[in-house]
Amino acid sequence: MHVLVVHDYSPLGKILLERLRETSLHVSPLLVSDPASANLSALESWIPEDTDLIVNALWLADPEAAEQDPEGTKKAVFSLPLAIAEYARDRGMALFQLSTCYVFDGRKQSGYIASNPGQPVNELGNWQWECEQALRTLLPRHIILRTGWSLSRFIRKVQASTASDEALWLPGRCVGQPVSIRDLARVITAVIQQLDCGADVWGTFQYAGAEVISLYELGLAIAGLPGIPEGLHVVDDMPAWGTMEPPNTTLICTKIRNTFGIKQFPWRSGLVDELALLRRDAQHRKDRAPAE
């Protein structure tokens, strides 16, 4: 199977490519450095004609960033995946697309299953839900994988608070499950390998790390990591960006386990590695930046 991985400069693309190259799959990378300005009419020159599966590893999981750039978000989260899906449909290719728990409004008292309809409350979730619906109509051979919170996003919040010596407000009323970059790459790889072995299973699946937690408690867990300066004050309160966070984003992940045999890994086991990964990525970006 020839797998084309669409990625940007974020760590997920790098780690996913590393994992896939350890398999027997034929893997090709496609770097899209700025998805918001990508030329959608150039897909024919980007995608090899013998591609079997396109994996869109552009993982947008930060509703704050989406609100700051609604047009760019629409392009990256909706327009680009749809253009890829149309190209794939016309050439008999399949598509693996990432989504997030932000397609839900969080009003459900229990966890969400894959068949629950989306009711987004922010820009990111809105375009991800629109993308999901369009893909289901456009391309039968698709995998949509909804993820929980990005663990990296909240580690960065803790790092920013320690750098500015300010208290970090995190809402205890918002509950969900984070997922680490390395664990997500593991899950994506496992699904692709089973597709390569002939599994003819398509549709919407969900994955997040094991253990439901509030954002406040998650902040405390991150603040206690080795290497995080002591003295950080985490406060159970609603920050300005908290209005974009649904109160409940808990994902039931039994479908992916029953279909592909993929079990949830505890997100706590990936905390130290995720912090180290982000530090290496920050250093790499610093080294790559042009000297002033």
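**Labels and their grounds**

Tutor: A salt bridge joins the side chains of R146 and E132, with 2.9 Å from N to O. The model is a predicted one, in which local features need pLDDT of at least 70 and side-chain atom pairs count only at pLDDT 80 or more, while totals for chains, interfaces and linings use all residues. Residues are numbered from 1 along each chain as its sequence is written, and side-chain values use heavy atoms, with hydrogens and water left out.

Student: Why is the contact between R146 and E132 called a salt bridge?

Tutor: The term requires a side-chain nitrogen of Lys or Arg within 4 Å of a carboxyl oxygen of Asp or Glu. The N to O distance for R146 and E132 is 2.9 Å, so the pair meets the definition.

Student: What does the pair R146 and E132 tie together?

Tutor: R146 belongs to strand β5 (residues 142-147) and E132 to helix α5 (residues 123-138), so the pair connects parts 14 residues apart in sequence. Helices (H or I, at least four residues) and strands (E, at least two) are DSSP runs, numbered from the N terminus.

Student: What makes E245 and R153 a salt bridge, and is E245 buried or exposed?

Tutor: Their side chains meet at 2.7 Å, N to O. The pair links distant parts of the chain, 92 residues apart: E245 is in the loop between β12 (234-236) and α9 (254-260), and R153 is in helix α6 (residues 151-164). Buried means under 20% relative accessible area, exposed over 50%, and partly exposed in between (1.4 Å probe, protein chains only). E245 has 3% and is therefore buried; R153, with 6%, is buried as well. Salt bridges with shared partners join D62, E64, R153, K157 and E245 into one network.

Student: How do you know that R89 is partly exposed and D90 exposed?

Tutor: R89 has a relative accessible area of 39%, so the label is partly exposed. D90 reaches 53% and therefore counts as exposed. These two side chains also form a salt bridge (3.1 Å, N to O).
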